[in-house]
Amino acid sequence: MLKFHNYDIVFQEIPDETTLALNISGCPNHCPSCHSPHLQADEGTPLTTENLDLLLRQYEGLITCLCFMGGDAEPEMVNRFAAYIRSAYPTLKTGWYSGAEKISEAIDMSNFDYIKIGPYIESCGSLKSKTTNQRLYHILPSGKLDDITSRFWRT
Ligand code: SF4
């Protein structure tokens with residue numbers, strides 16, 4: 001079961017969106033220079049559609065996007081929850097920050113507007129660095145991936 005450690009309203013993780021970011025615990029990636037080691041422990045609040053509903057009711061009208069930050073231990077569940085958001089909250093954008101090298105085959109692109117991939121490698125830097133190994137993709141209606149990583153370099 002996926003669990004989330006905490007959540008926050010963020011403005012930079014997804015360009016042009018006001019995003020409710022859910023920080024999911026139980027990260028299996030073990031990046032050597034992990035910036036959020038507390039997210040490696042399998043603890044927190046169970047991620048369920050009921051808990052999503054409670055949060056989204058709380059922030060109704062204030063956010064334009066919901067982003068799952070992590071969840072690589074169970075990408076099929078991330079996909080399932082994104083599909084739920086798509087059907088229950090059709091005006092909300094959906095995003096996923098994965099630390100994996102490539103997008104999991106469990107992911108149905110049509111459930112997402114944005115997907116970030118790539119582990120954190122300190123020497124390459126975060127998305128804000130031009131030398132980053134990470135990529136943020138905008139998923140176009142055609143299913144094509146538009147690499148919008150450079151949007152972070154102008155801010
Ligand atoms: S993806 Fe890497 S940096 Fe992010 S929480 Fe997991 S181990 Fe840490």
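User: What is the basis of the numbering and of the model?

Analyst: Residues count from 1 along each chain as its sequence is written. The model is predicted: local features need pLDDT of at least 70, side-chain atom pairs count only at pLDDT 80 or more, and totals for chains, interfaces and linings use all residues.

User: What makes Leu-92 buried, partly exposed or exposed?

Analyst: The count of C-beta atoms, placed from the backbone, within 10 Å decides: 20 or more others means buried, 12 or fewer means exposed, and in between means partly exposed. Leu-92 has 19 other C-beta atoms within 10 Å, so Leu-92 is partly exposed.

User: Where does Leu-92 lie, and how do you know?

Analyst: Helices (H or I, at least four residues) and strands (E, at least two) are DSSP runs, numbered from the N terminus. Leu-92 lies in the loop between helix 2 (75–88) and strand 5 (93–97).

User: Which residues does Leu-92 touch?

Analyst: Contact requires C-beta atoms, placed from the backbone, within 7 Å. Leaving out residues up to four places away in sequence, Leu-92 touches Thr-64, Cys-65, Leu-66 and Ile-85. Cys-65 is 27 residues from Leu-92 in sequence, yet the C-alpha atoms are 5.2 Å apart.

User: How is Asp-53 classed, and why?

Analyst: Asp-53 has 13 C-beta neighbours inside 10 Å, so it counts as partly exposed. Asp-53 sits in helix 1 (residues 49–58). From Asp-53 to Ile-85 is 32 residues in sequence and 9.2 Å in space, C-alpha to C-alpha.

User: How do you know which strands pair in the sheet?

Analyst: A pair needs at least two bridges found by DSSP. Strands pair through backbone hydrogen bonds, either parallel or antiparallel. Here eight strands form an open sheet in the order 3-1-2-4-5-6-7-8, with mixed pairing. Strand 3 (45–46) and strand 8 (145–147) each have a single partner strand, so one side of each is left without a neighbour in the sheet.

User: In what sense do strand 5 and strand 6 pair?

Analyst: Strand 5 and strand 6 pair in the parallel sense, over three bridges. Trp-96 has Ile-115 of strand 6 as bridge partner.

User: Which bridges join strand 7 to its partners?

Analyst: Four bridges join strand 6 to strand 7 (residues 135–139), running antiparallel. Lys-116 is bridged to Leu-136 there. Three bridges join strand 7 to strand 8, also antiparallel. Tyr-137 has Asp-147 as bridge partner in strand 8.

User: What covers strand 6 on its two faces?

Analyst: Both faces of strand 6 (residues 114–117) are covered. Tyr-114 and Lys-116 on one side, and Ile-115 and Ile-117 on the other, are all buried.

User: What makes a set of residues a nonpolar core, and which have the most contacts inside the largest one?

Analyst: A nonpolar core joins buried Ala, Val, Leu, Ile, Met, Phe, Trp, Tyr and Cys residues through C-beta atoms within 7 Å. The largest has 28 residues, and Cys-67, Phe-68 and Trp-96 have the most contacts inside it. Strand 4 gives the most to this core, with five residues. Trp-96 is in contact with Cys-67, Phe-68, Val-78, Ala-82, Phe-112 and Ile-115, leaving aside neighbours within four places in sequence.

User: What stands out in the phi of Asp-16 and His-30?

Analyst: Most residues other than glycine have a negative phi. Asp-16 has a positive phi of about 70° although it is not a glycine. His-30 also has a positive phi, of about 50°, and is not a glycine.

User: Why are Asp-16 and His-30 classed as they are for exposure?

Analyst: Asp-16 has 11 C-beta neighbours inside 10 Å, so Asp-16 counts as exposed. His-30 has 10 other C-beta atoms within 10 Å, so His-30 is exposed. Asp-16 lies in the loop between strand 1 (3–10) and strand 2, and His-30 in the loop between strand 2 and strand 3.

User: How do the residues around the ligand divide into nonpolar, polar and charged?

Analyst: A residue is near a molecule if its C-beta atom, placed from the backbone, lies within 6 Å of it. Among the residues around the ligand are Cys-27, His-30, Leu-39 and Tyr-120. Ala, Val, Leu, Ile, Met, Phe, Trp, Tyr, Cys and Pro count as nonpolar, Asp, Glu, Lys and Arg as charged, and the others, Gly among them, as polar. The shell divides into six nonpolar, six polar and no charged.

Notes:
Two residues are in contact if their C-beta atoms, placed from the backbone, lie within 7 Å.
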